Amino acid sequence: MHTLLAITLTVAATFASTNPGVSRAPQSVTTSDVRAVKIYDVSDMLSAFGPSFPAPKLGVPEPLGVEGASSEGRAHEPSAAELRAANAPVLRGLLSAHLQPAVAAEQLELTPNGALIANLLPAQHERTQAILDQLRSFDGMVEVETQYLRGPSELLKSLELDQTAVLTTPEALAELEQRLAECKELERIRAPKLTTLAGRRSSISITDEYTFVRDWRLVRAEPGAQEIADPDIAVLRTGTALDMRALPLPGDLLDLEFELQQSELVRPVPTKRIARGATGREFEIALPAAETQRFESRVLLHSGTGVVLVGSSSDPAEQLVVLVKARRVER
Amino acid sequence: MNRRKDFWERVDEAWDARRDPLEDAALQRLISEDPGLLDELRRVERGLRELRAPQARRSGWARLMIAAVAAGLALAWIWSTRRDGDGSRDAGSTSPHTQRDAAALASESHELDATPRILALRIVNTLADARGVTEVELASGVRSTRFVASTAPASTLEPRLLYALASVVPTGN
């Protein structure tokens, strides 16, 4: 049946392609504007990108013990096929972001065995090959440093930190860092730094844990049909997290994909008395709240430069700014 | 002609073995030699997908009709491909995979666009409290707010009514 259907549809395609009114008209097609299919073996690269894992989620209460469960999942050693499947979107996303003109999803197909089937223009094939060559030949590491800063809008404006911007040269970055060093009023929250292999997903988080009782339930247990109170304990993690992947590109460029989080517990934490059971026994629970700002971004930077990301807080006295710097370093 | 025949035979073998034809090294080589085959394969696969769902609902009589039509088309295909083999293909025709891309004419540069820039940015502010999680998202100049879900057991909610709210407000940024 497969053969029959294949023949049926192939015939339809043949008729369509030989219809004189459709495609037989002579066209002035040059080799530079005609797409061609090329197959690239990228299985080594997809494996080298390493395992993927969920980014830490700050500011949302989780049942006690969840962190242990996730690290157990991380310990599982993924197979080569799993790595290729997990990392295929990474390579497709990278190429899609840097090929001009923009490519449709079906133009870049990655098979489960790690073959990239690309239906592209010659110039796009050249870029694809250059990107793949750079990813393969790069044997250094990428260092990403972040600074979480906070201050009133007016102060940030005077430091030219009031708008999200790319620092396109190392000189512009050095000038900004000089201004920051001289400013004593700005609150420096944290400055996590990561040095990672190219293409590897990396994550660092510096967190505070607030463990609290969020509910009680009464359990009737033997002997004596006792009514025992069982607490529902949760953990609220706040702090700073950086989750990123850096990919070197030709020309000293870095494609940086990252998620930054800054989360804080709102103090004081309110409490509440609740009644449980037929007798109405009273218990106290905590009702904590956490405010989190999350930046999900992808940037293209020259090595040794950076980007300034400005939060969108509704409070002008408490604006969050994150400075992200990236550079290539030798192993 | 032999290449096409060889290609479809191998595709058929792969399908019969429940394998992805593109995993076959020989098929990959044939596609790289004649990229038009990939488009043909894609068309067939697309057609198969479209046929698969309605196929299950069709009566046996309808299946017979499809088979008869397919057989007729198969004969036509053999006739058509023989013509190709006789060298009667129009020299002016282009391979099915060739597509003129107007945008490509404007893009003469083969170099990577090296302008440092932000390719994507999404900022999300979250407030998680006893009532649930409220997210305010700022992306592409649009601020959207949504009440996601409760993080606490229902018994501790204040108020106890669970609700969902969404709003989208252009910020003009």
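Phe7(B) and Trp8(B) are both buried, where buried means under 20% relative accessible area with a 1.4 Å probe and protein chains only. The model is predicted, with local features needing pLDDT of at least 70, side-chain atom pairs counting only at pLDDT 80 or more, and totals for chains, interfaces and linings using all residues. Residues are numbered from 1 along each chain as its sequence is written, chains are lettered from A and ligands numbered from 1 in the order in which they are written, and side-chain values use heavy atoms, leaving out hydrogens and water.

**Rings and a charge**

- A pair of aromatic rings is described by the distance of the centres and the angle of the planes.
- Three aromatic pairs turn up over all chains when the whole structure is searched; rings of Phe, Tyr and Trp (its six-membered ring) pair if their centres lie within 6.5 Å.
- One of these is Phe7(B) with Trp8(B), an edge-to-face pair with 5.2 Å centre to centre and 85° between the planes; edge-to-face asks for planes over 60 degrees apart.
- In chain A, Arg201(A) lies over the face of Phe53(A), 4.8 Å from the ring centre (the rule is CZ of Arg within 6 Å of the ring centre and within 35 degrees of the ring normal).

**Helices of chain B**

- Chain B has five helices and four strands, which are DSSP runs: H or I of at least four residues for helices, E of at least two for strands, numbered from the N terminus.
- Along the sequence, their pattern is α-α-α-α-α-β-β-β-β.
- Helices α1 (residues 2-16) and α2 (residues 25-33) of chain B pack at about 145°, with axes 10 Å apart; axes are lines fitted to C-alpha atoms over the stretch in contact, and angles run from 0 to 180 degrees between N-to-C directions.
- Of the 173 residues in chain B, 33% count as buried.

**Helices and a loop in chain A**

- Helix α4 (residues 80-98) of chain A packs against α5(A) at about 130°, with axes 11 Å apart.
- The contact includes Leu91(A) and His98(A) of α4(A), and Ile131(A) and Leu135(A) of α5(A); contact means heavy atoms within 4.5 Å.
- Leu121(A) sits in the loop between β4 (115-120) and α5 (122-137) of chain A.
- Is Leu121(A) buried or exposed? Leu121(A) is buried, with a relative accessible area of 2%.
- The C-alpha atoms of Leu121(A) and Val103(A) are separated by 9.8 Å, with the two residues 18 apart along the chain.

Conventions. Buried < 20%, exposed > 50% of the residue type's maximum accessible area, 1.4 Å probe, protein only. Phe/Tyr/Trp six-rings, centres within 6.5 Å; stacked < 30°, edge-to-face > 60°.
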